[in-house]
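Subject: Structure handover and findings

Hello,

Here is the structure I said I would pass on. My notes follow below it, residue by residue and then for the whole chain.

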Amino acid sequence: MRYRIFGPIRFILFFALFSAVAAAVDTPPLNFKFKTIKVPGAQSTAIYGINNPGAMVGSYVDGGGVRHGFVLLKGKVVKIDDPKGTDTYCFAINKAGAIVGYYATSNHNAQGFLYAKGNFTDISPTGSTGSQATGINDHGDITGNFADSKGSHGFLLKGGTYTTLDVPGAQSTLGGAINNAGLMTEVWLDSSFNSQSSLYNGKTYKTVNVPGEPNSDAAGINNLDDIVYSWEGSGDTYGGALRHAGKFYKFHVPKGDRTFGYGINDHNVIVGAFTDDNGILSGFSATY
């Protein structure tokens, strides 16, 4: 795969290896082995997506306070900054290396984009005032969210056609990820503005929240229908979770404060970010 090169940075990565055991009720525990990922010299790093070849995408804030998108492959980081704006985030990558995310416009609005074969393309339904592209599968189908005069909606871009996605009863629909079978995760806000998660098959929405937590954000979904989450509980508690073979397993990065699960591939690898006791954000990958 080929990427536009913005001064590749040799990446000193995976400097720490941890393991943790997560268990679901009445199911055997899963063993998660974590690796920390930091861009050298960056103030913060987050990993949002991973494809089956193992390429990861995310964003980092450099020493000067500027945010960049990036792709990480075989120990090398390449900046992915949309030239039409600032503060680029890269959220997902498919097996061909096509990347989706968003950047900030001169009016400080979010603008979704697709980066493929060295070219940037804006992704936003007609009439939108802001958009984010949050997922892409190996067929090139793209999911995300957009805002208009009526509120916030999810979308699916397939075959050049946009379809608006609104979870029934939601105050706002925030989008999610998509796998090769077309199953989509959709995060939405309920009447109390708590975040809920649904799995959408193109016809019906099925709630798939992390059990026992008031806020569930379903992020990545792989082709085995495993889903990775971030969740927020009462008392200012945060963690990640994995829905694997229909069972839920919570996880935390050892010695971390808050853990966020964002991406997953078909080879039992999840990615995300965590904060330490000083509030510094770092990326991670984990096998299970």
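I start with His-244, which is found in strand β22. Please keep in mind throughout that this is a predicted model.

His-244 and what follows it

His-244 has a relative accessibility of 24% and counts as partly exposed, because the buried class stops under 20%. Leaving out residues up to four places away in sequence, His-244 touches Leu-30, Asp-226, Tyr-249 and Tyr-288. Leu-199 is 45 residues from His-244 in sequence, and their C-alpha atoms are 14 Å apart in space.

Ala-245 sits in the loop between β22 and β23. Is Ala-245 buried or exposed? With 66% relative accessibility, Ala-245 counts as exposed, since the cut-off for that class is over 50%.

Two residues with positive phi

As background, most residues other than glycine have a negative phi. Two residues depart from that pattern here. Asp-236 is not a glycine, yet its phi is positive, at about 60 degrees. Asp-236 lies in the loop that runs between β21 (227-233) and β22 (237-244). Its relative accessible area is 49%, so Asp-236 is partly exposed; exposed would require over 50%.

Lys-255 also has a positive phi, near 70 degrees, and is likewise a residue other than glycine. Where is Lys-255 placed? Lys-255 is in the loop between β23 (247-251) and β24 (259-264). The relative accessible area of Lys-255 is 75%, which makes it exposed.

Asn-215 belongs to strand β20, which covers residues 215-221. At 13% relative accessibility Asn-215 counts as buried, because that value is under 20%. Which residues is Asn-215 in contact with, once neighbours within four places in sequence are left aside? They are Asn-194, Ser-195, Ser-230, Trp-231 and Glu-232.

Pro-168 is in a loop, the one between β15 (161-165) and β16 (172-175). Its relative accessibility is 60%, so Pro-168 counts as exposed. Pro-168 and Val-100 are 68 residues apart along the chain, and 26 Å separates their C-alpha atoms.

The chain as a whole

The chain has 26 strands and 0 helices. Its radius of gyration is 18 Å, close to the 19 Å given by the globule rule for 288 residues, so the chain is as compact as a globular protein of that length. Along the principal axes, the C-alpha atoms fill a box of roughly 45 × 45 × 35 Å.

Of the 288 residues, 53% are buried. The chain exposes about 12,700 Å², and carbon and sulfur atoms supply 50% of that area. Among contacts between residues at least 6 apart in sequence, 38% join residues at least 24 apart.

How many charged side chains does the chain have? There are 22 positive and 22 negative ones, and the centres of the two sets lie 10 Å apart.

Confidence

The mean pLDDT of the chain is 92, and 90% of the residues reach 70 or more. Residues 1-18 are another matter: over this stretch the pLDDT is below 50. The model still gives residues 1-18 a total of 66 contacts beyond near neighbours in sequence. Where pLDDT is low, the predicted coordinates should not be read in detail.

Regards

Methods:
Residues numbered from 1 in each chain as written. Predicted model: local features only at pLDDT ≥ 70, side-chain atom pairs only at ≥ 80, totals over all residues. Heavy atoms only, no water. Helix = DSSP H or I, 4+ residues; strand = E, 2+ residues; numbered from the N terminus. Rg over C-alpha atoms; globule rule 2.2 N^0.38 Å. Buried < 20%, exposed > 50% of the residue type's maximum accessible area, 1.4 Å probe, protein only. Contact = heavy atoms within 4.5 Å. Areas by Shrake-Rupley, 256 points an atom, 1.4 Å probe, with all protein chains shown as cover. Lys, Arg positive; Asp, Glu negative; His and termini not counted. Charge placed at Lys NZ, Arg CZ, Asp CG, Glu CD. pLDDT = per-residue confidence, 0-100.
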